[in-house]
Amino acid sequence: MFVDEVRVTVRAGRGGNGICSFRREMFVPRGGPDGGDGGHGGDVIMTASHRLTTLLDLRYQNHYEAQDGKPGGGSNCTGRSGDDVTIGVPVGTIVYDDESTNILADFTEDGQTAVIAQGGRGGKGNSNFATSVNRVPTKCTPGSPGEERTLRLELKLLADVGLVGFPNAGKSTLISAISAARPKIADYPFTTLVPNLGVVRWGSDRSFVVADIPGLIEGAHEGKGLGVQFLRHIERTAFLLHLIDISEWATDDPRHSFETLRQELAAYDQGLTARPFAVVPTKIDVVGAGERLEQIQVYCRDRGYPCFPISAATNTGLDQLIRYVGKQVDLLRMLPCETQS
């Protein structure tokens with residue numbers, strides 16, 4: 001099961017109390033204070049791993065507590081610090097404070113870690129309060145509480161290229177033809193219910209990652225259909241492919257389909273329309289008289305849009321598309337992050 005948004009509650013450990021103690025030793029009168037400090041409370045830590053692909057585990061275990069620190073002891077012994085709790089999340093996870101909506105961590109690399117909730121500090125023992133005028137202090141302080149938060153975790157898949165299109169536009173067929181991904185493929189709308197990732201290899205030693213999201217429909221930004229739920233997964237992509245069904249049994253005008261896709265992207269996030277893209281008319285093996293293909297090709301040529309007609313079922317046009325996308329991804333990888341966003 002693919003889960004890309006969960007809420008969890010975390011509580012860091014409380015610091016141990018400092019104690020009030022006095023030295024008791026034979027032949028040593030007035031030994032003085034020797035109360036030790038309390039140990040620090042454990043932290044709640046998150047770490048990103050490329051081995052994880054979903055937040056499913058956090059849906060069923062959504063409460064985490066780190067261990068409290070132990071109180072101090074006599075002879076200036078410091079209490080033991082509490083054990084930390086480490087939570088594994090997939091690369092691409094963003095952690096929000098559910099109350100303030102502030103971003104606490106954005107995991108973009110494998111092995112990246114962040115302290116999500118800080119453990120409380122241990123209290124001071126009475127030996128810390130001895131002075132020249134107060135040689136027998138009875139003061140000690142309690143440990144401070146650890147941070148407690150409700151978090152909202154949101155997973156945004158990390159991919160170089162995002163596939164965008166209406167249901168049955170051929171996105172799943174394309175990603176299965178150019179990568180090892182094997183999404184469900186069928187002749188009814190919304191076959192794809194979760195995003196899929198595929199690694200496309202090109203050249204001798206180069207590759208890029210493609211993300212296929214469920215099909216969009218007109219009004220998706222208002223909550224219609226499934227695609228808007230997963231549009232977050234193309235927010236991190238550097239390049240977009242707009243797949244347009246131009247087969248003889250398609251009902252929508254291809255130009256209208258393309259413009260509707262662009263409008264839905266703009267309504268969700270205006271920045272998505274600024275991403276470099278290419279138009280990919282699909283299913284050219286069943287174009288009939290070819291009028292729809294000619295319409296979209298003329299439309300793209302007049303506006304300077306790159307256009308690559310393909311048939312993923314017969315592998316027609318795939319090599320040219322992969323080479324073009326691979327070169328574009330290589331160029332975008334050399335640009336600063338600020339330029340791509």
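Predicted model: local features only at pLDDT ≥ 70, side-chain atom pairs only at ≥ 80, totals over all residues.
A residue counts as buried when its relative accessible area is under 20%.

**View 1. A five-stranded open sheet.** The strands follow the order β10-β11-β9-β12-β13, and their pairing is mixed. At the edges sit β10 (196-202) and β13 (277-282), each of which pairs on one side only. On average, neighbouring strands of this sheet are turned by 25° against each other, direction ignored. Helix α6 (residues 318-333) packs on the sheet and touches β9 (161-165), β10, β11, β12 (239-245) and β13. The direction of α6 makes about 100° with that of β11.

**View 2. The pairing of β10 with β11.** Strands of a sheet pair through backbone hydrogen bonds, either parallel or antiparallel. Which of the two do we have here? Strand β10 and strand β11 (residues 206-212) run antiparallel, and seven bridges join them. To find your way, look for valine 199, which stands opposite valine 209 in β11.

**View 3. Helix α2 against helix α6.** Two packed helices are described by the angle between their axes and the distance between the axes. For α2 (residues 171-178) and α6, the angle is about 85° and the axes are 12 Å apart. Angles of 65 to 115 degrees count as roughly perpendicular, so α2 and α6 are roughly perpendicular to each other. Leu174, Ala177 and Ile178 in α2 meet Leu318, Leu321 and Ile322 in α6. By class, this contact has six nonpolar, no polar and no charged residues.

**View 4. The ring pair of phenylalanine 258 and tyrosine 305.** The structure has seven aromatic pairs. In this one, the rings are tilted, at 5.5 Å centre to centre with 50° between the planes. Phenylalanine 258 belongs to helix α4 (residues 254-268) and tyrosine 305 to the loop between α5 (291-303) and α6, so the pair ties together parts that are 47 residues apart in sequence. Phenylalanine 258 is buried, at 2% relative accessible area, whereas tyrosine 305 is partly exposed, at 27%. Ring pairs link Phe258, Phe277, Tyr299 and Tyr305 into a cluster.

View 5. Is phenylalanine 308 buried or exposed? Its relative accessible area is 8%, so phenylalanine 308 is buried. Tyrosine 324, at 22% relative accessibility, counts as partly exposed. The ring centres of phenylalanine 308 and tyrosine 324 lie 4.6 Å apart and the planes are at 40°, so the pair is tilted. Phenylalanine 308 is in the loop between α5 and α6 and tyrosine 324 is in helix α6, so the pair ties together parts 16 residues apart in sequence.

Methods:
Residues numbered from 1 in each chain as written. Heavy atoms only, no water. Pairing = 2+ DSSP bridges. Helix = DSSP H or I, 4+ residues; strand = E, 2+ residues; numbered from the N terminus. Axes fitted to C-alpha atoms, helices over the stretch in contact; angles between N-to-C directions. Contact = heavy atoms within 4.5 Å. Parallel < 35°, antiparallel > 145°, perpendicular 65-115°, else oblique. Nonpolar A, V, L, I, M, F, W, Y, C, P; charged D, E, K, R; others polar. Phe/Tyr/Trp six-rings, centres within 6.5 Å; stacked < 30°, edge-to-face > 60°. Buried < 20%, exposed > 50% of the residue type's maximum accessible area, 1.4 Å probe, protein only.
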